[in-house]
Amino acid sequence: MARAGLAPSTVALAPTEAPASRWRPPGYWPFVVPALVVVVGVIVFPWAFTLWMSLHEWKVGADPAFVGLSNYARLPTDPRFLDAVWQTLVYTALSVVLPLILGTLAACVFHARFPLRGFLRGVFILPMMATPVAIALVWTMMFHPQLGVLNYLLSLVGIPPQLWVFHPATVIPSLVLVETWQWTPLVMLIVLGGLAALPTEPYESAQIDGASLWQVFRHITLPLVAPFLFVAAMIRMIDAVKSFDIIFAITQGGPGTASETINIYLYSVAFAYYDVGYGSAIAVVFFLLIIALAAALLVVRKRTQGAVG
């Protein structure tokens, strides 16, 4: 019974649970589907078709015949493929290490303040903006044993002329010289961005303690820019291991097969000898090699960070 002067209390009814609605696709699906179609058409289907071709013996003009893993079994016994793998690894290692060293030094130089610094930075990055074929044509003329400017410059300091890309012993270092000239500016820009983001307190403390320039670089600058160097190394590794245009335009894998990397050999097998099945097997192994090299860099980075920590 309600008290006098108070309104009778009302009983609140619990709302009944709404029946479970059926699943409906989210509203963003119309925006995702075109991207999925592009990914499947541009990435997934070509790789699936490449895997299918690698399991067949298929030469242009003939019907494909299923051979299983026979194309892959040929690779360890193919001396030309083994030479191409070795030359690819040597070319990639030199094309990563040299730009990293020179690009880091250039970044330290351009990080300092001096007159015309901005103009010289712009001049320094010009090589990476040139087209590869144009670079190859210019360097081919510079490499000429009789008419090239490089041998002329060597003669000024008493060094005998070299054959450069026309000799098997010097063709890989000569091509690495072109690669280093073109892509050192990229490493410089990456490291320069890292230097600009570094704190000033460690350098002020080192100056108070009387540290030399080498000690500052070795114990402060280098550890702090190590993540940026790793990014640059990863970009250079992936770009160098699949390099094709510069090598093909200058040497086409010659003299003989002295500069034939996996990419050049793959091109020859698939588009010169028309052995599409074997060429597809080389492409699959080449892709796995790139993944292995990238994973190795990640392991090195993790161990380096653990050692520093």
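## The second largest pocket

Let's start with the residues around the second largest pocket: its lining divides into 11 nonpolar, 5 polar and 1 charged. Here Ala, Val, Leu, Ile, Met, Phe, Trp, Tyr, Cys and Pro count as nonpolar, Asp, Glu, Lys and Arg as charged, and the others, Gly among them, as polar. In this predicted model, local features need pLDDT of at least 70 and side-chain atom pairs count only at pLDDT 80 or more, while totals for chains, interfaces and linings use all residues. Residues are numbered from 1 along each chain as its sequence is written, and side-chain values use heavy atoms, with hydrogens and water left out.

This pocket has a volume of about 500 Å³. Its lining is made of 17 residues, and His111, Tyr203, Leu213, Val216 and Thr221 lie nearest its centre. Helices H3, H8 (201-209) and H9 each give two or more residues to the lining. A pocket is an open set of points on a 1 Å grid over the protein atoms alone, where a 1.4 Å probe fits, with protein on both sides within 12 Å along at least five of seven lines; lining residues have an atom within 4 Å of a point. Grid points are joined across faces, edges and corners, and the volume is the space filled by probe spheres set on the points.

## The largest pocket

The largest pocket holds about 600 Å³ of space. Of its 22 lining residues, Ala226, Phe230, Val300, Arg301 and Thr304 are the closest to the centre. The elements giving two or more residues to this lining are H3, H9 and helix H12 (276-308). By class, the lining has 18 nonpolar, 3 polar and 1 charged residues.

## How H3 meets H9

Helices are DSSP runs (H or I, at least four residues), numbered from the N terminus. The axes of H3 (residues 79-111) and H9 (residues 213-241) come within 9 Å and cross at roughly 140 degrees. Axes are lines fitted to C-alpha atoms, for helices over the stretch in contact, and angles run from 0 to 180 degrees between N-to-C directions. H3 and H9 are therefore oblique to each other (under 35 degrees is roughly parallel, over 145 roughly antiparallel, 65 to 115 roughly perpendicular and the rest oblique).

The contact of H3 with H9 has 12 nonpolar, 4 polar and 1 charged residues.

## Two spots in the loops

The peptide bond from glycine 254 to proline 255 is cis, with omega near 0 degrees. Proline 255 lies in the loop between helix H10 (245-250) and helix H11 (262-271).
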